[in-house]
Amino acid sequence: MKPIQFLPFFLFLLPTCTAETGAATAAEALVNWKTSLFQPDTLSSWSLTNSATPCNWFGVRCDAAGSLVQLRLPSSGLNGTLLDLDFSALPNLTHLDLYGNSLHGRVTPAISAASKLVFLDLSFNQIEGTVPEELAMLTQLTNLTLSDNHLVGPFPSPITSCSKLLHLDLSHNQFTGVLPTSLSRLTRLQVFDVSSNGFSELMPEGLANWTQLLSLQMNHNPLTGQIPREIGKLRELRSLGLGQTNHTGSIPEEIGNLTKLQDLQLLDNQFTGPIPHQIGRLTQLTVLEISDNRLSGAIPPEIGNMTALEILDISQNQFSGELPSTISALPKLQSLIVINNKLSGNLPGELGKNGLLSTAQLTNNSFSGELPPLLCNNSTLRYLYAENNNFTGRLPAWLKNCTGILRIGLGWNHFSGDVSEAFGAHPQLEVLYLPGNQLTGTLSPAWVEWRSLANLRLDDNRISGQIPPEFGNLTNLYYLSLSSNNLTGSIPAELGNLASLGWLNLSNNGISGSLPSTVAQLSALQSLDLSGNKLSGQVWKLLLQHPDLNYIDLSRNSFTAMLPVDWEEITNSSSTYLPDVQYLLLSDNLIDSSIIPLLCRFSGLQILDLSSNHLSGRLPDCLLDVEAMQYVDLANNDLHGSIPSSMASNASLVSLHLNSNRFDGEFPSSLKQCRHLVALDLGENGFHGEIPTWVGDSFPSMIVLRLRSNRFGGSIPPQLSRLASLQVLDLADNDLRGSIPRSFSGLSAMARRQEGRAVEFSALGYSESIQMIWKGRELMFHSTLSLVTGIDLSSNSLSGEIPSELTDLAGLLFLNLSRNHLSGGIPQAIGNLQWLEFLDLSMNQLSGPIPAGIADLAFLSVLNLSNNNLSGRIPTGDQIQTLDDPSIYSGNAGLCGPPLSRGCSDGAGTEKDDGLGEEDGIIWFGLSMLLGSGFGFWVFWGCLILKRSWRFAYFLFVDRAFDVFFRKR
Amino acid sequence: MDGVSPLRLPFPSPLPSPLLIFPRYPRMASLPVLLPCLLLLLAASPALSTNPEGEALHAWRARLTDPTNVLQSWDPTLVNPCTWFHVTCDSQNRVIRLDLGNSNVSGSIGPELGGLEHLQYLELYRNNFQGKIPAELGNLRSLISMDLYGNQLQGEIPKSFAKLKSLRFLRLNNNRLSGSIPRELVFLSNLKVLDLSNNDLCGTIPIDGPFANFPLQSFDNNSRLNGPELQGLVPYDIGC
């Protein structure tokens, strides 16, 4: 708002004698105060030797009688307190302006001696403490400004007796408590500013008295409750600031009475309900800011009547419906900010026709249709953000002529068309974000004219062709992402000229060829993602050329190691700077083991993925010994030998994947140090020997333990049950013997369902993944891994009974005990495993009936009980009736009932029957007997009754038969 | 405007997230410290999978109420839905089962489900599903079992079900379905089990095709259902 101007100008007619004595002591008082200040350089004119009267001293003004009336020293570098200024020597002082100095200490109570003070401004100092009550004696005061200090305590209510106050500014202090009702006495008040304090309540009845009020500023106070309706009585109000005031309830419709309002700030409260349509009466309003609330409903069309409006910010609310077309009629609108709402439909067709619109922020709504044609009318548009909507159609043709635009964000919509033809000359363009659309065409060499371009994102589109060599001239480019398109060709050598480039992402395209040597010139490069292309080249070169590079993803390419013989000399030379690489993802390439000694030099390496490469031979000691290393994936290589024993220093390892190699030896004892291990995958190797008992005590955070397809023997150590975080235990396909430990009921993470969101339970953006047999299929689990719980002990030589304690693990999603020698019955309480999706007990010697509880496991979708000695009737129930493939029960001679074709003889063991159905059958049988006999009765007798001739014939026949019978007797 | 200097993104995170710095207009003098001039908005890349079945399921999920969080694993960023819980795929990563019986889920049965063209088992029984059965379910031409019983479904049984040529089990009992039994269902030659009891169906019961074998209990407690059809004598939707 504009500061309210007023000129308090008073003339004092005072006796000359008092004026003279006053002036004399005034000079002494000023000099005394000066000496108390620290280095008062600006006050060099303040000297008694200079002049006996202070009237021509710096900052001093006297009246015609020579009496000091004004002391104006704003921003004069004064450092000290007010305590040493003798106000009693300045009895005629009317103006004291000490704004913007470094005064500290308290406001001295002695200031009351300057009883003629009209204007007092101590703002922007470091004054502390409470405001003295004596201020109340300054009854002439019209202007009191104490803002931007460190004042504390409650509102200084004595000043409410300064009844002439026009301008009261206490903003940006640490006042607390409630605002006193006595404030209502200040009926002349024009400006009331208590912004940025700790005031906790708004006073309703006081408001109505301030009929002269022009500006009411209460921003950033923990006020609560609703805005009082009395606010509508402040009809002179020009500016109202109630932002960040914890207000709730709706915006009162009385706000429409404030027709002189020019500035209205209601942002960051908890307002609910709609915007009252009366807001349309605020025809002087230039700024309407109601962002960060919980307002909802449609935007009232009356907003179009606010003809002075320049800035409309309704972002971060829950507004819905379309933007009213009246908005485009606002003649002065410059900024339209509606991000993060639920707005939908087309934008007003004439939006921008006023030729002044410079900011349109529409991100995170559900707008659809095309962008309106006049949006960049007059080339005033600077900022266009419309990301995450449902806009369709081609990129608007007017973009070509929108020459002044600075930032364009149209990502995650459904824009289509040829991107190369969509733009024109945009000399100031800094940001062009178009990811997540359906754009086609090629990258245009003409874009090189955009010399200001710093951020270019075109990822996730259908752009084809090559990267133009001309892009090398976009020397301001800092962020370039072209990932997930159909780009082909090679990386042009000219890209090496992008000296500012920090981020380069060309992943998931069809880019081929080798990396140009000029890539070495990208000295600002921090993050490089070239994964999922057909690139080749030598990895080691990239690793030694970019001092700031810390994220490298070259996965799924054809990179090789190809270290030169003298690589050690190169890395030791002073011209080589070993960057602090933290993330190195190299999976699915052609890299051999020669790279490992070089990688061991990168002591900051935290994540290393070398899976699916050509690593062979033994694993050098140094790699797992890198101190910062947290995630190591060496799966799918040809490494052999035993695991290095020197991991003593590496206690930070979180995840280790060594699966699908040819490692052998016993379970690596060096892992005992890795107490932070969360995932350990030693699967598909040649490890042998027993699983050591210390495993159960060494990994308190372990979630996944996968030892599948090795030659581990002996029995399963019961101590494994101490892995309290373990969710997935896969010991399948080994030579394990003995029984399943009863102690497994102690695997507490499996005893309950894992809740929360599907997350990658890894840090640093690298996602942990594990291969699992899930529902009979080999699947790679990524984000859902954090929610999986299961046990796979299949294909071992386990014997004995399935411990009933396993059914305590109520969170299990899968249980695979197939292909063992287990005997006894299926645990009776198997129905406890209510989340079970996959149960395989096939190929054992299990006997007895199938427990009825299995029938209602609502999520059981894959079941295999085949090839056991189970017997009795297959239970029926909601879910089991959907598992209708008979082969899941085959090879159990004693089983009967659906879905097997073999029916059950009476008395076949069953735990649940359809007794209700049989009862129904009996009723129906009886009913039909009754109906049938009734029908038969009336057909016969009905005919006899109705047909006389039949009746006679019948009785005649009966008589004759009677006769024959009795005559023979 | 501050926006003249080139935009710099903060320290790169390994996933290049689309950080956008939104310019704001200059603040009024009274609000110098309330908000920074820049609002940092992190518009996280949705990075949705391109798998149409995953997209269909996720779109449906977005409209469901799931108080017990049984759908928590349905992460749309995965390449396919095969590691989502309550979803089962075949060897070609196509969804063949959806098991959400007894899950406290409410909402409507989405037309999106019609996109799961290899679905064999649709198990949505004993939940709080409301609204109509979408006709799109008729596109599930591999469907073997459809269990929608024990919900609050309304409207008619879609005629499009006549296309479910593989269907063996159809249980729609204990809902609020109305209208007549579509005559087209008599062509479902594989239908072995049908349960339409405890609804508000009307008209008569077909007797052709598989209906010749269904017990009358399958139609119990439909007060306006008039018993087996008398072909040619009365219209099948009499009393509807």
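## Charges over rings

A charge sits over a ring if NZ of Lys or CZ of Arg is within 6 Å of the ring centre and within 35 degrees of the ring normal. In chain B, the charged end of B:Arg97 sits over the ring of B:Tyr121, 4.3 Å from its centre.

## About the model

This is a predicted model, where local features need pLDDT of at least 70 and side-chain atom pairs count only at pLDDT 80 or more, while totals for chains, interfaces and linings use all residues. Residues are numbered from 1 along each chain, chains are lettered from A, and side-chain values use heavy atoms, leaving out hydrogens and water.

## Pairs of rings

How many aromatic pairs are found over all chains? The search of the whole structure gives 31. Rings of Phe, Tyr and Trp (its six-membered ring) pair if their centres lie within 6.5 Å, and planes under 30 degrees apart count as stacked, over 60 as edge-to-face and the rest as tilted.

A:Phe175 and A:Phe199 are a stacked pair, with 6.0 Å centre to centre and 10° between the planes. A:Phe175 belongs to strand S11 and A:Phe199 to strand S13, so the pair ties together parts 24 residues apart in sequence; strands are DSSP runs of E, at least two residues, numbered from the N terminus. Buried means under 20% relative accessible area (1.4 Å probe, protein chains only), and A:Phe175 counts as buried at 0%.

## Back to the tryptophan

The rings of A:Trp835 and A:Phe859 are stacked, because their centres are 5.5 Å apart and their planes at 15°. Both A:Trp835 and A:Phe859 are buried.

Key. Helix = DSSP H or I, 4+ residues; strand = E, 2+ residues; numbered from the N terminus. Buried < 20%, exposed > 50% of the residue type's maximum accessible area, 1.4 Å probe, protein only.
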